[in-house]
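Subject: Handing over a structure

Hello,

Here is the structure I promised you. Please open it first, then read my notes below.

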Amino acid sequence: MSDTVLTLEHVSKNFGAITAADDINIEVGQTEFFALLGPSGSGKTTMLRMIAGLETPDTGRIVIGGTDVTRLPPYKRGIGMVFQDFLLFPHKTVAENITFPLKMQRSSDTEKAEHLQWVVNLVHLEGLEDRYPHQLSGGQKQRVALARGLVSRPSLLLLDEPLANLDRELRKEMEVEIRRFQLELGIPFVYVTHNQEEALTMSDRMAIMRDGKMEQVGEKFSLYHNPTSQFVASFLGSPNVFSGRVSAVDGEIATLDWHGHAIQARAHGGLKPGDAATCYVKSEKIAIETDAGEMSGEIRDVIFKGQYADFLVLLDNGEEVTVSSSHRGQLVKGAKTHIIWKPENADGFPAGE
Amino acid sequence: MFRNLSITLQIVMLVALYIFLYMPILYIVYVSMQTTAIWPFPPDFTGEHYVNLWHATDYHTGFRNSLIIGIGTGMISSVIATMAVIGILKYRVKGSKLIAGLFLSPLFIAHILIGISSLMFNKTLLGLPGNLFSAIIANATYATAFAFLVLLAQLARYDWRLDEAAMVFGATPRRTFREITLPLVWPAIFGAFIVSFLLAFNNLEISFYNLGATPTLPTLAWGSLRHGISQELYALAALINAAVFSFLGLLYILIRSGVIRMDFKD
Ligand SMILES: Nc1ncnc2c1ncn2[C@@H]1O[C@H](COP(=O)(O)OP(=O)(O)O)[C@@H](O)[C@H]1O
Ligand SMILES: [Mg+2]
């Protein structure tokens, strides 16, 4: 990448017996929205803290804007950050909180006023400049934290689960806005979250973490549609899980024997005939039809969600499968139905990982 | 029925407790305004003891010396204790339990032993004479332990991630302390100062051994016990109590009105 802003090379970090980062390699480009997605405890915060300089890696190198910052203290790195619990300074007003980074840079009063004006308009905090944090709602605190991160126009903004403490409505709204800020400013955002919807909505590329390891890094579409790691296949979307034994492998496609049915999936991890395998199929990638299909069954329940519905199908072999599809009149509870999916929409991995 | 009875009983006990705690203090204020202390009933008010106190120069010297010891000890103890608590809570230094234990252990040493041993140590090994300075140092040994205890309890609730946030936004550690930590925790540091100030101001044994003939208020009070209590002492006690209570009242008003904030979170 020619316009790389942030590089992590072979970065590792241990806390006693816990490995919080295990040989991490990342590159983030100039105008990129990069999401770090993983379950709680997977090492996302530790990663951000190392980039910010609040934690020193045991091994490896961190480069920001061409400078090796691995041993540089946080106050010399010139990056912005939005913290998980906002961490606004309780004794400072909104305006003082927001201009704090400028004050530390000894900016002039006019410069401070200009930047404040600009960022207050950007994040819609007009009229709240003289309030104290305890006089703000959760959403307003969030905006102040964002404004403080952006005010000095840093070369890089780190965000640690910035929307985790907001209710769903507000979160949806902020997702769109944060993405807008990033596009407007043209600086890279590294966005940590455990919420895949957030990561998928906002990011260009993302990395999926588990137990301090990077499971897969890439374009969000490629991670979603073409997982190469079993964890990623099981984590993204809400996949159905099928366990069976491989009966044949033909090129990229493996055939599994699953409770008397032959099901097909892309073969990963060197699957060969006779192996026990686990296969993941995202619920919206299964077609549901009343007339024809490979496996037949009966609709046990319909969970209507508006734009689409989840159909719980009890197959004739006694197994349950969830299918997401548009809601149709004939797909009612108790109706006979058939399901089918394309082999390239299913991913099979060696079982027991 | 029984419920009412038990509430009544609780109120009676509470009132009795307050009388037990505060009557001696109120009584001394009363006696300080009476012509005689032997049996000051019926009341016969006079201001003569206060006038005498105004003219008694040894009480002035004693008050000044006690003030010097109190302020000196208060400053040394609160600064050292603040640094120690920040080291333990913010930087989570290795062996922090042992360090905390060593800071607290002077609490368990009798003051008279601290007095004697610091006098001997200062004189024999360091060749220092007993004076106000050595009295301040000796008082600081245990006053620091109290200040440490006060600060540890208060700052355990402080969110050190605020300091980290400031550092990410460009503040050096020193700047962070000035901009974030100090403005938020100064009431706790001030509390530690007050505690160590009062301990040293009121201390008899340690100051006595280190000062010899130099008077402080407690040594004067103790001396006058042996030579028959003069009523200026009651007047002095009344004035000191008045000062302490009006100080506490002022503090209460400042905290209630939000000028001093004791919570570290928003
Ligand atoms: N300062 C620390 N001391 C000890 N263990 C830590 C420390 N910080 C993080 N950890 C551990 O490292 C792992 C990763 O933590 P973290 O980076 O906070 O994960 P996440 O942000 O993905 O939830 C966890 O097991 C956590 O308990
Ligand atoms: Mg975290």
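What pattern does chain B follow, read along the sequence? The pattern is α-α-α-α-α-α-α-α-α-α-α. Chain B has 11 helices and zero strands. Helices (H or I, at least four residues) and strands (E, at least two) are DSSP runs, numbered from the N terminus.

Some ground rules. This is a predicted model, in which local features need pLDDT of at least 70, side-chain atom pairs count only at pLDDT 80 or more, and totals for chains, interfaces and linings use all residues. Residues are numbered from 1 along each chain as its sequence is written, chains are lettered from A and ligands numbered from 1 in the order in which they are written, and side-chain values use heavy atoms, with hydrogens and water left out.

Chain B

Along the principal axes, the C-alpha atoms of chain B fill a box of roughly 70 × 70 × 35 Å. The domain assignment gives domain 1 (1-27) and domain 2 (58-229). Such bounds come from an automatic or database domain assignment. Taken over C-alpha atoms, the centres of these two domains of chain B are 36 Å apart.

One peptide bond deserves a look. B:F41 and B:P42 are joined by a cis peptide bond, with omega about -5°. B:P42 sits in the loop between α1 (2-31) and α2 (48-55) of chain B. Most peptide bonds are trans.

Chain A

Chain A is divided into domain 1 (4-230) and domain 2 (240-350). Their centres, over C-alpha atoms, are 38 Å apart. Seven residues of domain 1 of chain A are in contact with 10 residues of domain 2 of chain A. Contact means heavy atoms within 4.5 Å. The two domains of chain A bury about 700 Å² between them, 40% of it on carbon and sulfur atoms. Buried area is the accessible area (1.4 Å probe) that two parts lose on being put together, summed over both. On the domain 1 side, A:Y224, A:P227 and A:Q230 supply 72% of the buried area, more than any other three residues.

Also check A:E161. A:E161 has a positive phi of about 40° although it is not a glycine. A:E161 is in the loop between β7 (157-160) and α5 (168-185) of chain A. Most residues other than glycine have a negative phi.

Where the chains meet

The contact takes 26 residues from chain A and 22 residues from chain B. The area buried between the chains is about 2200 Å², and carbon and sulfur atoms give 66% of that. In chain A, A:Y75, A:P90 and A:M104 lose the most area to chain B, together 28% of what that side buries.

Ligand 1

The residues around ligand 1 (a heavy atom within 4 Å) include A:F15, A:I18, A:P39 and A:K44. By class, this shell has four nonpolar, six polar and one charged residues. Here Ala, Val, Leu, Ile, Met, Phe, Trp, Tyr, Cys and Pro count as nonpolar, Asp, Glu, Lys and Arg as charged, and the others, Gly among them, as polar. β2 (18-29) and α1 (44-52) of chain A each supply at least two residues of the shell. α1 of chain A gives the most, with three residues.

Now the oxygen atoms of ligand 1. A backbone N or O atom of A:G41 lies 2.6 Å from one. A polar side-chain atom of A:T45 lies 2.7 Å from an oxygen atom of ligand 1. For A:T46, a polar side-chain atom lies 2.5 Å from a ligand 1 oxygen.

Best wishes

Conventions: Polar contact = N/O pair within 3.5 Å; in protein donor to acceptor, adjacent residues only side chain to side chain.
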